[in-house]
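Subject: Handing over the structure

Hi,

Please have a look at it first and then read on.

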Amino acid sequence: MNLVTLQRITTLYVEDEDRMQIAGEGGDQSVQTLWLSHRLLDRLVLKLVSWLAMQHDSVQADVLQSFAQEAALQSMTPQPAVNTGFAVATWLVKSIDVTTSPNVIRLTFKDHVHEVQLVMQSQFLRQWLIILRTQYQVAGWDVQAWPEWLAAPHKVAPDQALWH
């Protein structure tokens with residue numbers, strides 16, 4: 001199996017499936033559609049937030065996190081969505097391996113046949129979390145467990161074309 005690294009993603013809640021869809025485009029322009037359950041995403045968000053929290057370990061960590069989130073939001077630019085019409089594979093993610101280093105977090109999405117990875121630095125991760133939280137709200141999923149510093153300054157319209 002050839003491990004594909006996603007270069008560009010679009011994250012969207014799909015009501016008919018009651019799941020989050022990640023349409024990912026690899027370096028070879030191939031597209032895969034990944035489906036993630038609410039429960040799996042909740043577990044993933046906790047790990048992602050923990051990794052970001054380790055980036056600031058001062059007394060004012062929440063304030064610094066809020067500023068970093070605001071900077072990530074301000075640097076987001078509209079991108080065209082990944083087109084799922086030509087997806088080479090569509091599958092339900094069964095597990096996600098999370099590997100971290102001080103500057104990068106690597107997510108490896110898996111099922112029994114497929115495996116793709118997404119590598120993010122903190123800025124990209126912060127932008128993706130903004131989009132993911134917005135899609136949680138579209139879904140009506142609970143965001144109470146998300147940290148306040150992630151929620152506070154962000155006002156992204158659910159239909160705004162800020163895709164990752």
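Helices and strands here are DSSP runs, at least four residues long for a helix (H or I) and at least two for a strand (E), numbered from the N terminus. Read that way, the chain goes β-β-β-α-α-β-β-β-β-α-α along its sequence, which gives 4 helices and 7 strands. Please keep in mind that this is a predicted model.

**The sheet**

The 7 strands form an open sheet with mixed pairing, in the order S4-S3-S2-S1-S7-S6-S5. Strand S4 (87-92) and strand S5 (95-100) are at the edges; each has a single partner strand, so one side of each lacks a neighbour in the sheet. On average, neighbouring strands are turned by 30 degrees against each other, direction ignored. S4 pairs with strand S3 (residues 31-36) in the parallel sense, over 5 bridges. In that pair, Leu-34 stands opposite Trp-91 in S4.

**Helices on the sheet**

Helix H1 (residues 38-53) packs on the sheet and touches S2, S3, S5, S6 and S7. The direction of H1 makes about 5 degrees with that of S5. Helix H3 (residues 122-139) packs on the sheet as well, touching S1, S2, S6 and S7; the direction of H3 makes about 25 degrees with that of S1.

**The core**

Which residues touch the most other members of the largest nonpolar core? They are Leu-107, Phe-109, Leu-125, Trp-128, Leu-132 and Tyr-136, out of 37 residues in that core. H1 supplies the largest share of this core, with 8 residues. Leu-125 is worth a click in your viewer: leaving aside its neighbours within four places in sequence, Leu-125 is in contact with Leu-48, Trp-51, Leu-52, Ile-105 and Met-120. As background, nonpolar side chains tend to be buried together in soluble globular proteins.

**The chain as a whole**

Of the 164 residues in the chain, 45% are buried. The accessible surface is about 8700 Å², and carbon and sulfur atoms account for 51% of that surface. Among contacts between residues at least 6 apart in sequence, 59% join residues at least 24 apart.

Gln-79 and Thr-10 are 69 residues apart along the chain, and their C-alpha atoms are separated by 9.2 Å.

Best wishes

Notes. Residues numbered from 1 in each chain as written. Predicted model: local features only at pLDDT ≥ 70, side-chain atom pairs only at ≥ 80, totals over all residues. Heavy atoms only, no water. Pairing = 2+ DSSP bridges. Axes fitted to C-alpha atoms, helices over the stretch in contact; angles between N-to-C directions. Contact = heavy atoms within 4.5 Å. Buried < 20%, exposed > 50% of the residue type's maximum accessible area, 1.4 Å probe, protein only. Areas by Shrake-Rupley, 256 points an atom, 1.4 Å probe, with all protein chains shown as cover. Core = buried A, V, L, I, M, F, W, Y, C linked by side-chain atoms within 4.5 Å.
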